[in-house]
Amino acid sequence: MNVLILTGRFGMGHYSAASTISQQIQQQYPTANIVLKDIFELITPRHYHSFYQAYTAMVNHASIFYNTYYKLTEKNKRNIKPPMMLLLFQILYRLLKQVQPDIIFSTLPLCSQLVSQYQNYHYLSAPLVTCITDISTHSEWINEHTSYYLVGSRAVKEELINRGVAPSIIHVSGIPVKSEFKQKHPVYGMEKKQLLIMGGGLGLIPTSPKFYQQLNQLHTVKTTIILGNNQKLYRKLSGIYDNIEVIGYTDKVYEYMQKADMILSKPGGITMFESIYSELPLLVICPFLEQEIKNAKFIEHHGIGKVIWEKNTQIVNVIEQSICDENLLTTIRAQMRAFKLGLEEEAVEKILNTVTSSAGFVTIPNTIAMPRKGSVI
């Protein structure tokens with residue numbers, strides 16, 4: 001079986017979900033040929049890093065433009081045509097010829113749009129599976145040639161149904177996280193409460209020295225900060241505080257989550273579900289990206305954490321009160337366990353079983369048909 005997984009590295013959430021899907025498929029089908037591709041690396045192999053750096057700068061310093069675009073396009077028509085469609089068609093055509101996929105997964109709206117629009121010109125028996133990596137819907141995710149959707153909650157399924165998607169193709173699987181986060185290992189001998197701080201792939205965590213000075217003075221709390229590739233903040237914080245451990249990039253986030261009592265983080269979809277599976281209570285600071293505001297409301301609605309909405313809140317005081325409140329922590333963990341019970345964790349396996357039992361295989365033409373002149377946005 002040949003599997004093509006398409007994604008991008010916007011904050012790493014999309015790429016992380018794609019990697020997890022790859023892991024799940026490899027475990028179920030050890031002989032499967034799995035090809036995972038970053039669409040922007042295919043478009044511009046030499047400059048895609050600069051593209052992502054520019055995106056990060058926009059999110060950090062000009063989020064008003066991102067949020068405005070998100071709101072204006074949220075209720076747009078389905079089946080959005082991706083930009084640079086002629087170029088993208090050529091790239092996808094070459095990739096399909098190379099991989100000959102029996103199934104295609106996408107964890108990025110642009111990739112789902114591309115594959116769906118391609119099928120307006122060429123028949124593909126390979127089904128398209130779109131994994132939505134937030135706890136909300138947006139018109140950019142919805143495309144007529146999507147065969148299956150993987151979504152994080154029943155609310156997202158209901159939103160898709162209201163937008164005209166057939167209920168039978170929507171699987172409430174949760175946002176994919178690596179299997180290590182689902183393995184609960186007891187941790188003993190911790191003298192202090194353990195706070196974990198993560199900023200996600202965009203490094204969106206507090207930078208004020210005063211915040212870390214106050215945090216360091218919480219003598220009943222030991223703090224670990226995972227900064228990923230944020231080298232600037234790593235140099236700024238590393239080795240400065242006795243009560244704060246600073247970690248750069250690590251592929252063992254699950255180990256830190258296992259021993260933590262609470263996590264302070266942005267409400268990205270991947271981090272949320274890593275925390276849910278680790279049964280690690282969430283504390284969110286002032287979300288400002290539109291989809292993460294929705295994610296934060298989801299956290300409150302399901303009782304799986306607390307959200308600090310006001311910018312002038314004394315964050316360290318809230319941390320101390322929350323992490324030392326055993327009743328709160330116990331309640332949140334119970335809510336997380338209850339939420340997990342409603343997820344269809346075998347969704348990917350079921351879809352793969354359906355595909356492998358069907359008679360159809362992908363057929364890639366020898367030449368690529370292009371849209372008529374004037375039909376590309």
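Q: Is Asp-261 buried or exposed?
A: Asp-261 counts as buried, at 16% relative accessibility. Buried means under 20% relative accessible area, exposed over 50%, and partly exposed in between (1.4 Å probe, protein chains only).

Q: What should be kept in mind about the model?
A: This is a predicted model, in which local features need pLDDT of at least 70, side-chain atom pairs count only at pLDDT 80 or more, and totals for chains, interfaces and linings use all residues. Residues are numbered from 1 along each chain as its sequence is written, and side-chain values use heavy atoms, with hydrogens and water left out.

Q: Which side chain meets Asp-261 in a salt bridge?
A: That of Arg-333, at 4.0 Å from N to O. A salt bridge is a side-chain nitrogen of Lys or Arg within 4 Å of a carboxyl oxygen of Asp or Glu.

Q: How many salt bridges does a search of the whole structure find?
A: The search finds 7 salt bridges.

Q: Which residue forms a salt bridge with Lys-182?
A: Glu-345 does, with the closest N and O atoms 3.5 Å apart. The pair ties together parts that are 163 residues apart in sequence, because Lys-182 and Glu-345 each lie in a loop, the latter between helix H14 (326–341) and helix H15 (347–357). Helices (H or I, at least four residues) are DSSP runs, numbered from the N terminus.

Q: And what about Lys-340?
A: The side chains of Lys-340 and Glu-279 meet in a salt bridge at 2.9 Å, N to O. Salt bridges that share partners join Glu-279, Arg-337 and Lys-340 into one network.

Terms used. Helix = DSSP H or I, 4+ residues; strand = E, 2+ residues; numbered from the N terminus.
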